[in-house]
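Subject: Structure for you to look at

Hello,

Here is the structure I promised to pass on. Please open it beside this message and follow along.

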Amino acid sequence: MYHSNGNYEAFARPKKPADVEQKTVYLIGAGLASLSAAVFLIRDAQMKGEKIHILEELKLPGGSLDGIFDPLRGYIIRGGREMENHFECLWDMFRSVPSLEVEGASVLDEFYWLNKEDPNYSHMRAIMDRGKDAHTEGKFTLTDKAREEIVKLYLTAEEELNDKRITDVFSKDFFESNFWLYWRTMFAFEEWHSAMEMRRYIARFIHHVDGLPDLSALKFTKYNQYESLVMPLMKFLEGHGVQFHYNTQVVNVEIELVPGKKVARKIVYDEKNVRKEIGLTEDDLVFVTNGSITECTTYGDQHSPAVLNSSLGGSWTLWKNIAAQDTAFGKPDKFCGSIPETNFVSATITTLDDKIPPYIEKIAKRDPFAGKVVTGGIVSVKDSNWLLSFTLNRQPHFKSQPKKDLVVWVYGLFPDKPGNYIKKPMKDCTGIEITQEWLYHIGVPETEIRDMAVSSANSVPCMMPYVMSYFMPRSLGDRPKVVPDGSMNLAFIGNFAETERDTVFTTEYSVRTSMEAVYTLLNVDRGVPEVFASCFDLRELMKASASLMDGQKITDMKLPFLLKRLEKRFIEKSKGTIIYEMLKQYGLIE
């Protein structure tokens, strides 16, 4: 497997790999990583679909990409997916998957046209004082010290960040900035999360720094992620004969280890409470989605909170059993070993009449029933004790959703703290109580809050004990390589596998690891698109620098006298060069 860039290989069709007819593939888990791997096996490795088996412990596919109507609870979305134009592997895959919405178009075509016609941006990124504009004014409010810390982290080698937390690399100046408010609420970072992953995010999305304040960096699907992404994938794969095995929990993959060689020899699984085994040869390839952020999810309802389930669940147990066989298979305890630091509470609130929508429209500054972008991403409540954020994507968010209803997704970064209106931790709140807290923060008069929460909305709380496990502090080697050294028929895919430069908690990471796994084990002679190299592009670096400085010029920075002299001499020396022109173009000098 090798990486490529540009159009030459992007449009190439690889030759059929040798001996692919003798191969059988077992994909463990039916999330985006496995579904993507199946597409690449069919399209690029030219494998017959009936030779591909997907083993899933649940009764439906999609993994963390969900969106469902529960007849007993209502509409449910555990979270959403933010996308951007440089998800190279994701779009490479979806260009080959037919749209279910537009005849003759691919999912990529559909997504591209939608976001061209209805571009995403926010009119009000943050609120406070019960629904009023927080007046962050698109500014990052970073001090010179905080900007210096960002640059220092960006320039730090990953091995220097082993097991370090964000608090180890940033000071109070940084944490008091608007930049941190935008960043943490958009990506769900906490102070104790991985400095290594924080660095990757800064480098990976440096071309979108200027889009953080108004969320114009983001793009969204037309409907929820299950209907817009998973369903087209399923129709494509089922049409090619891919074999799906639901209610099938893989317990272990037994691996033969000899010097310089690793061979998966047996899959052990439970099907309808019966222990079964699949014997493997080197022609039987196994792709493991190790770990899951939505494992052990629980739900509440209007009158009940979502109760924490602290068990490991199938995906973590599987990874532990595999990892016990060799250190090359990672250290799952680094990610699933501290539920107090990885748990997360969200809620899906569905409005049921015309009482709540005017408050949404006042904040979004858009008609929420227009079928277009509503909030443009999350709106964060700056003075919320729960650090509450909420979003309304294009409505209807579900195809079956009544036209009079709106579906709102709400989450809190501090679910252990008492609320401002409901004096309880978010994790202990019923659907009605979470709705009450949200209504309080969007400006509903206190005398009307209780009645609206009971009669004008339906709320489904959701507790996910492992949802922040991606970001836990780690060292190099804690996540297994996509294809471990010496592996003949075993690969790891998804956000707990290790690939260079890309960032977890993204759809792109799931698809990229799958593409790398397929291309490596099947020896597909086509390059995997490299991670977009904006962090090596001087234009993007200057643009990001200008944004981080809130319009301040280099010459205005508070620097020691000697550095100030050196800076002025550099600017003078650069006159007549492209560097000087770029400094002017991006507003870094007058």
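Leu387 is buried, and its relative accessible area is 6%. That is well worth a look in what is a predicted model. Leu387 sits in the loop between β15 (379-381) and β16. Its phi is near 45°, a positive value in a residue other than glycine.

Ala188 also has a positive phi, near 65°, and is not a glycine either. You will find Ala188 in the loop between α7 (178-187) and α8 (195-204). Is Ala188 buried or exposed? Ala188 counts as buried, because its relative accessibility is 8% and the cut-off for buried is under 20%.

Why mention these phi values at all? Most residues other than glycine have a negative phi.

Next, look at Pro396. A cis peptide bond joins Gln395 and Pro396. Omega there is about 5°. Most peptide bonds are trans. Pro396 lies in the loop between β16 (388-391) and β17 (406-412).

Pro425 belongs to another stretch of chain, the loop between β17 and α14 (431-441). Pro425 has a relative accessible area of 19%, so it is buried, given that buried means under 20%. Which residues does Pro425 touch, not counting residues up to four places away in sequence? They are Trp386, Pro415, Asp416, Lys417 and Pro418. Asn385 is 40 residues from Pro425 in sequence. In space the two are 9.2 Å apart, C-alpha to C-alpha.

**The sheet of β9, β10 and β11**

Now turn to the sheet. Three strands form an open sheet, in the order β9-β10-β11, and the pairing is antiparallel. β9 and β11 (274-279) are the edge strands, and each pairs on one side only. From one strand to the next, the twist averages 25°.

How many bridges join β9 to β10? There are 10 bridges between β9 and strand β10 (residues 261-271), and the two strands run antiparallel.

Two residues of β9 deserve a stop. Gln249 lies in this strand. Gln249 is partly exposed, with a relative accessible area of 31%. Tyr269 is 20 residues from Gln249 in sequence. Their C-alpha atoms are 5.4 Å apart in space. Setting aside neighbours within four places in sequence, Gln249 is in contact with Glu57, Val268, Tyr269, Asp270 and Gly314.

Asn252 is the other stop, also in strand β9 (residues 248-258). Asn252 is buried, at a relative accessible area of 16%. Its contacts, not counting residues up to four places away in sequence, include Lys266, Ile267 and Val268. Leu318, Asn321, Ile322 and Gln325 are also among them. With Gln325 there is a polar contact, side chain to side chain, at 3.2 Å.

**A parallel pair: β2 and β3**

Here the strands pair in the parallel sense. Strand β2 (residues 24-28) and β3 are joined over four bridges. Tyr26 has His53 in β3 as its bridge partner.

Which way do the residues of β3 point? Ile52 and Ile54 point one way from strand β3 (residues 52-55). His53 and Leu55 point the other way. All of these are buried.

**Two packed helices**

Last, go to a helix pair. Two packed helices are described by the angle between their axes and the distance between the axes. Helix α17 (residues 538-548) packs with helix α19 (residues 578-585) at an angle of about 40°. Their axes are 9 Å apart. The crossing of these two helices, α17 and α19, is right-handed.

Which residues meet in this contact? From α17 come Leu538, Arg539 and Met542. From α19 come Ile579, Met582 and Leu583. The residues of the contact are five nonpolar, no polar and one charged.

**Where to begin**

- The cis peptide bond between Gln395 and Pro396.
- Ala188, with its positive phi.
- The polar contact of Asn252 with Gln325.
- The right-handed crossing of α17 and α19.

Best wishes

Key. Residues are numbered from 1 along each chain as its sequence is written. This is a predicted model: local features need pLDDT of at least 70, side-chain atom pairs count only at pLDDT 80 or more; totals for chains, interfaces and linings use all residues. Side-chain values use heavy atoms; hydrogens and water are left out. Axes are lines fitted to C-alpha atoms, for helices over the stretch in contact, and angles run from 0 to 180 degrees between N-to-C directions. A crossing is left-handed if the near helix is turned anticlockwise from the far one by less than a right angle, and right-handed if clockwise. Contact means heavy atoms within 4.5 Å. Ala, Val, Leu, Ile, Met, Phe, Trp, Tyr, Cys and Pro count as nonpolar, Asp, Glu, Lys and Arg as charged, and the others, Gly among them, as polar. Buried means under 20% relative accessible area, exposed over 50%, partly exposed in between (1.4 Å probe, protein chains only). A polar contact is a pair of N or O atoms within 3.5 Å; within protein, one must be able to donate a hydrogen and the other to accept it, and residues adjacent in sequence count only if both atoms are side-chain atoms. Two strands pair if DSSP finds at least two bridges between them.
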